[in-house]
Amino acid sequence: MSEARTRLLNTATGLFYVEGIRAVGVDRVIAEAQVTRATLYRHFPSKDDLIVAYLTQADEAIRAQVNAARAEDATPDDVIRAVSRSIADDIQSAGFRGCAFLNAAAEYPDPAFAVHQAVLTHRQWFLETMTELFADLGKIDAEPAARHFVMLRDGAMAAGCLTDPKPVCETFLRGVEGLLTYRSREP
């Protein structure tokens with residue numbers, strides 16, 4: 001990746017996350033990244049391409065966190081706990097403004113939009129990953145448990161930027177423990 005592309009993407013990432021995607025125009029990204037308009041459009045043919053690159057970068061970071069948790073020699077429930085702690089740490093980090101994907105979906109609600117498709121792709125991967133992790137626990141209801149986990153995560157991400165994130169994270173982690181200790185009934 002060229003230095004200019006990296007600078008553009010890093011600048012856009014900071015601005016989009018803090019101020020909102022629609023609130024930030026390409027002129028602002030160009031000015032703050034200190035590049036020319038031609039440089040922006042050489043790397044990103046449209047603002048939508050820049051937004052998708054921003055979401056792709058966020059997706060890759062989350063995948064790396066999950067892969068790091070899976071790479072440790074840990075039990076499946078410890079992997080789920082590690083993923084959960086990573087989410088809680090993010091929520092409690094300075095400058096947290098919610099989930100980049102939920103924020104993008106709110107700004108681009110049309111499912112036909114490339115931005116919305118990037119959100120859906122990430123969320124489908126995350127749900128499938130959590131389903132695999134719950135299945136590794138031997139749960140017969142791994143998919144409903146994973147959906148419950150994702151719903152807890154979404155709620156924590158939304159609440160964590162609205163109020164004191166500490167009790168939000170404590171509640172989220174307590175909910176995850178409930179999912180881990182709940183014993184599925186045989187079908």
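This is a predicted model: local features need pLDDT of at least 70, side-chain atom pairs count only at pLDDT 80 or more; totals for chains, interfaces and linings use all residues.
Biologist: How far apart are the end C-alpha atoms of residues 25–44?
Modeller: Look at the make-up of this span to begin with. Residues 25–44 are 75% helix and 0% strand. The end C-alpha atoms of the span lie 14 Å apart.

Biologist: What box do the C-alpha atoms of the chain fill?
Modeller: The chain has 187 residues, and 40% of them are buried. It exposes about 9800 Å², with 54% supplied by carbon and sulfur atoms. Along the principal axes, the C-alpha atoms fill a box of roughly 60 × 35 × 30 Å.

Biologist: What percentage of contacts between residues at least 6 apart in sequence join residues at least 24 apart?
Modeller: Take the contacts in the chain between residues at least 6 apart in sequence. Then pick out those that join residues at least 24 apart. Their share is 68%.

Biologist: Which domains does the domain assignment give?
Modeller: The C-alpha centres of domain 1 and domain 2 lie 26 Å apart. The two parts do meet: 20 residues of domain 1 are in contact with 17 residues of domain 2. The assignment gives domain 1 (1–45) and domain 2 (47–184).

Biologist: Which residues of domain 1 lose the most area to domain 2?
Modeller: The area buried between domain 1 and domain 2 is about 1600 Å². Carbon and sulfur atoms give 62% of that area. On the domain 1 side, three residues together make up 44% of what is buried. They are Tyr 17, Ile 21 and Arg 22.

Biologist: Which residues have the most contacts inside the largest nonpolar core?
Modeller: This core has 60 residues. Elements giving two or more residues to the core include α1 (3–19), α4 (47–71) and α7 (114–136). The residues with the most contacts inside the core are Phe 16, Leu 55, Met 130, Phe 134 and Phe 149.

Biologist: Which residues does Met 130 touch, not counting residues up to four places away in sequence?
Modeller: Met 130 is among the residues with the most contacts inside the core. Set aside residues up to four places away in sequence. Met 130 then touches Ile 80, Val 83, Ala 146 and Phe 149.

Biologist: Is Ile 87 buried or exposed?
Modeller: Ile 87 sits in helix α5. Beyond four places in sequence, Ile 87 is in contact with Phe 126, Phe 149, Arg 153 and Phe 172. Its relative accessible area is 8%, and the cut-off for buried is under 20%. So Ile 87 is buried.

Biologist: What is the relative accessible area of His 116?
Modeller: His 116 belongs to helix α7. Leaving aside neighbours within four places, His 116 is in contact with Ala 105, Tyr 108, Pro 109, Asp 110 and Pro 111. His 116 is buried, with a relative accessible area of 11%.

Conventions
Residues are numbered from 1 along each chain as its sequence is written. Side-chain values use heavy atoms; hydrogens and water are left out. A nonpolar core is a set of buried Ala, Val, Leu, Ile, Met, Phe, Trp, Tyr and Cys residues joined through side-chain atoms within 4.5 Å. Buried means under 20% relative accessible area, exposed over 50%, partly exposed in between (1.4 Å probe, protein chains only). Helices (H or I, at least four residues) and strands (E, at least two) are DSSP runs, numbered from the N terminus. Contact means heavy atoms within 4.5 Å. Accessible areas come from the Shrake-Rupley method with a 1.4 Å probe; for residues, only the protein chains shown count as cover. Domain bounds come from an automatic or database domain assignment. Buried area is the accessible area (1.4 Å probe) that two parts lose on being put together, summed over both.
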